[in-house]
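Hi there,

Here is the structure I promised to pass on. Have a look at it first, and my notes follow below.

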Amino acid sequence: MGFGDYPAEYNPSVHGPYDPARYYGKQDTKFFDLKLNEVGAWFGRRQKTPQAFIASCSRAFWRWQHKYVLPRKAGVAPFLQLTFGMMAFFYIINYKRLRHHKSYKYH
C-alpha cells in the first residue's frame with residue numbers, strides 16, 4: 001500500500017463506492033464492549049505502525065467532516081470547535097509564560 005492508494009482490504013465489488021471514513025479491515029470487538037481482562041489482548045491485536053496511526057487519524061477527520069462540515073445545513077459548530085481547539089492548543093504551548101501571571105494572595 002503506497003501513499004494515496006486504497007486500503008488492501010477494500011474491494012469495490014463488495015463494498016461499493018469508497019468511503020474514507022470507513023475501516024475496511026476485519027471487524028473487532030468495540031473497546032467499550034470489552035471486559036477488563038480482555039483489554040491487553042485487544043491492544044495486542046492493534047497495528048502499531050505510523051501508517052496505521054495516520055490512517056486512523058484520517059478516518060476520524062473524515063467522520064468529523066461528514067458529521068459537521070459537509071451536510072447541506074451545516075451550522076456554526078465546526079467553526080466553534082476549531083476556535084476552541086485552537087484556543088486550547090495555544091494555551092498549552094504558552095503555559096510556561098502564562099503560569100507566572102497567577103494571582104497570589106499575599107498576607
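Let me start with His-66. Setting aside neighbours within four places in sequence, His-66 is in contact with Asp-19, Ala-21 and Pro-71, where contact means heavy atoms within 4.5 Å. His-66 belongs to helix 3, which covers residues 50-69; helices here are DSSP runs (H or I, at least four residues), as are strands (E, at least two), all numbered from the N terminus. Ala-21 is 45 residues away from His-66 along the chain, yet 8.3 Å separates their C-alpha atoms. His-66 is partly exposed, at a relative accessible area of 37%. On that scale, buried is under 20%, exposed is over 50% and partly exposed is in between, with a 1.4 Å probe and protein chains only.

Gln-65 is also placed in helix 3. Its relative accessibility is 14%, so Gln-65 counts as buried. Beyond its neighbours within four places in sequence, Gln-65 is in contact with Leu-70 and Pro-71.

A word on how to read all this: the model is predicted, so local features need pLDDT of at least 70 and side-chain atom pairs count only at pLDDT 80 or more, while totals for chains, interfaces and linings use all residues. Residues are numbered from 1 along each chain as its sequence is written, and side-chain values use heavy atoms, leaving out hydrogens and water.

Confidence comes as pLDDT, the predictor's score for each residue from 0 to 100. The chain averages 89, and 93% of the residues score at least 70. Helix 4 (residues 77-93) has the highest confidence, at a mean of 96, and helix 5 (residues 95-98) the lowest, at 86. Where pLDDT is low, the predicted coordinates should not be read in detail.

Now the overall picture. The chain has five helices and zero strands. Its radius of gyration is 21 Å, well over the 13 Å that the globule rule gives for 107 residues, so the chain is more spread out than a compact globule. That radius is taken over C-alpha atoms, and the rule is 2.2 Å times the number of residues to the power 0.38. Along the principal axes, the C-alpha atoms fill a box of roughly 75 × 45 × 30 Å. Of the 107 residues, 10% count as buried. Among contacts with a separation of 6 or more, 22% come from residues 24 or more positions apart.

Rings of Phe, Tyr and Trp (its six-membered ring) pair if their centres lie within 6.5 Å; planes under 30 degrees apart are stacked, over 60 edge-to-face and the rest tilted. That rule gives 13 aromatic pairs. One of them is Phe-31 with Phe-32, edge-to-face at 5.8 Å centre to centre and 75° between the planes. Phe-31 is partly exposed at 37%, and Phe-32 is exposed at 78%. Phe-31 also pairs with Trp-42, tilted, at 5.1 Å centre to centre and 55° between the planes. Phe-31 lies in the loop between helix 1 (12-15) and helix 2 (39-44) and Trp-42 in helix 2, so this pair ties together parts 11 residues apart in sequence.

Trp-42 is buried, at 12% relative accessibility. The charged end of Arg-46 sits over the Trp-42 ring, 4.1 Å from its centre (the rule: NZ of Lys or CZ of Arg within 6 Å of the ring centre and within 35 degrees of the ring normal). Elsewhere, ring pairs link Tyr-6, Tyr-10, Tyr-18 and Tyr-24 into a cluster.

Best wishes
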